[in-house]
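User: Please take a close look at one part of this model, the packing of its helices, and describe it in a connected account. Please include the terms and cut-offs on which the description rests.

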Amino acid sequence: GLGLAVTAATALAALALVPGGLKVVSPAQLDVLLAAIHREQPGSIRGTAADVLSKARLSPAQLIELSSHLPTAGLLELDRLLAPFAQSADEAAGLALVAALAAPELQSAVTVESLKQRLAKYGPLVQAEADKLYVSIDAEHAHQSERLHAALESLPAGDIRRGQEIFNSTRVSCRSSS
């Protein structure tokens, strides 16, 4: 199963406490981290693993391995998972990242701006591939925007008073009493 053992959750918590992030990630640590970012893991586990990876110094081979896990990672963590790529200029790692992000479901979860920052140090071959990806991401975002507008047009007009009643009702409790 995908459920991480208690020991793995403890290991993650310990890795998250390393000041300044991990300077070296062992193969065993990377396995735990990559298992933990899978979208079927609980959000707290994914978030902790993404935080650790975002600050970790990964080798080019480890960056390539991370990019192979991006298509199954939680989309909320995706932006943090791109952070370790910013410290590298390794062509193979850059190309692996761009190839992984070509998956349509990932394109809707990243912005061209954040990708440009992450890929700034890479050479012309990676930049050329990234330029194709940026066009595709922009098209995907435009398509999303069109679908959203179409959905909004088809919705009936709202009733603000009824919305306020529902928001304030004790049954729904949008406002928690914390």
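Analyst: Helix 2 and helix 3 pack with their axes 8 Å apart and at an angle of about 135°. Axes here are lines fitted to C-alpha atoms, for helices over the stretch in contact, and angles run from 0 to 180 degrees between N-to-C directions. The angle makes helix 2 oblique to helix 3, given that angles under 35 degrees count as roughly parallel, over 145 as roughly antiparallel, 65 to 115 as roughly perpendicular and the rest as oblique. L30, L33 and A36 of helix 2 make the contact with I45, R46, A49, V52 and L53 of helix 3, where contact means heavy atoms within 4.5 Å. Helix 2 passes helix 3 in a left-handed crossing; a crossing is left-handed if the near helix is turned anticlockwise from the far one by less than a right angle, and right-handed if clockwise. Helices are DSSP runs (H or I, at least four residues), numbered from the N terminus, and strands are E runs of at least two.

The model is predicted: local features need pLDDT of at least 70, side-chain atom pairs count only at pLDDT 80 or more, and totals for chains, interfaces and linings use all residues. Residues are numbered from 1 along each chain as its sequence is written, and side-chain values use heavy atoms, with hydrogens and water left out.

Helix 2 (residues 27–36) also meets helix 4 (residues 60–69): their axes come within 10 Å and cross at roughly 20°.

R80 and D51 meet in a salt bridge (2.8 Å, N to O), defined as a side-chain nitrogen of Lys or Arg within 4 Å of a carboxyl oxygen of Asp or Glu. The pair joins distant parts of the chain, with R80 in helix 5 (residues 78–82) and D51 in helix 3 (residues 43–55), 29 residues apart. The structure holds five salt bridges.

Another packed pair is formed by helix 6 (residues 91–100) and helix 9, with an angle of about 10° and axes 9 Å apart. That angle makes helix 6 roughly parallel to helix 9. E91, G94, L95 and V98 of helix 6 make the contact with L125, V126, E129, A130 and L133 of helix 9.
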